[in-house]
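Welcome! Take a moment to look over the sequence and the model, and then let us walk through them together.

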Amino acid sequence: MSRTVMITGANRGIGRELAERVLAQGDDVIALGRDRAAMAELGCRVVTADLSAPETLAGAVAGIDRLDALVHNAGIAEVGPVAETGLDTWQRHLTVNLAAPAELTRLLLPALRAASGHVVFVNSGVGLSAGPMWSAYGASKHGLKALADALRAEEQGNGVRVTTVYPGQVATEMQRALRESMGVPYDPRRAMSAGTAAEAIRYVLNVPAEATVHDLRIAPSDPVPHATSRRR
């Protein structure tokens with residue numbers, strides 16, 4: 001029997017690669033995000049929603065009563081020293097990267113429980129250890145880890161599995177833009193492809209229900225040097 005998997009941020013990068021792979025293995029995908037045209041190219045069900053406004057998500061996902069998996073892939077990332085990171089930047093990161101996944105999960109928990117489903121949080125290596133310039137993004141991703149850990153403990157008795165995947169550097173436009181803003185080299189040949197990261201997530205989704213992968217960390221074999229400074 002085919003499963004139904006909701007993927008946020010399926011319009012590009014890891015999310016799009018994952019959506020294509022899930023569809024190719026015969027499962028159904030619900031792509032959730034703002035770029036309806038880009039998501040429609042996948043040929044799957046599309047739900048238009050704005051993660052920067054979590055209060056609107058209830059209307060967007062109304063009527064979904066059974067869901068086999070929810071993959072939280074969408075997110076934003078900006079870098080800068082704490083001394084120059086304003087309140088608006090903090091609020092954006094905590095809203096899109098943490099509050100929105102929490103609210104979407106809450107809204108869809110009845111559907112996930114009905115299917116003994118799986119929640120996958122796509123985090124980051126920065127969600128485990130944040131260096132200079134990564135305060136707002138890192139804090140939001142550390143919070144996402146806490147959300148995942150608490151959810152796993154709470155929902156185990158309801159048959160809902162929870163996994164966090166921590167990709168390292170991935171060759172995406174977001175990674176390129178971040179490195180350019182920091183004034184440090186970016187070599188996509190030393191980062192893993194979005195397809196490789198997506199394949200790791202697909203593996204997690206396909207682990208038989210008798211087991212749960214709590215955390216999976218994946219990194220490029222020849223990583224780009226860690227960025228700690230930016231061009232002045």
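**A first tour**

Starting from the N terminus, the elements of the protein follow the order β-α-β-α-β-α-β-α-β-α-β-α-α-β. That gives 7 helices and 7 strands, where helices (H or I, at least four residues) and strands (E, at least two) are DSSP runs numbered from the N terminus. Keep in mind that this is a predicted model, in which local features need pLDDT of at least 70, side-chain atom pairs count only at pLDDT 80 or more, and totals for chains, interfaces and linings use all residues. Residues are numbered from 1 along each chain as its sequence is written, and side-chain values use heavy atoms, with hydrogens and water left out.

Now to the protein as a whole. Of its 232 residues, 49% count as buried, meaning under 20% relative accessible area with a 1.4 Å probe, protein chains only. Among contacts (heavy atoms within 4.5 Å) with a separation of 6 or more, 70% come from residues 24 or more positions apart.

Helix 1 (residues 13-24) packs with helix 7 (residues 194-206) at an angle of about 50°, and their axes are 8 Å apart; the axes are lines fitted to C-alpha atoms over the stretch in contact, with angles from 0 to 180 degrees between N-to-C directions. On the helix 1 side, the contact is made by G13, I14, E17, L18, R21 and V22, and on the helix 7 side by A194, G195, A197, A198, E199, I201, R202 and L205.

Terms used
Buried means under 20% relative accessible area, exposed over 50%, partly exposed in between (1.4 Å probe, protein chains only).
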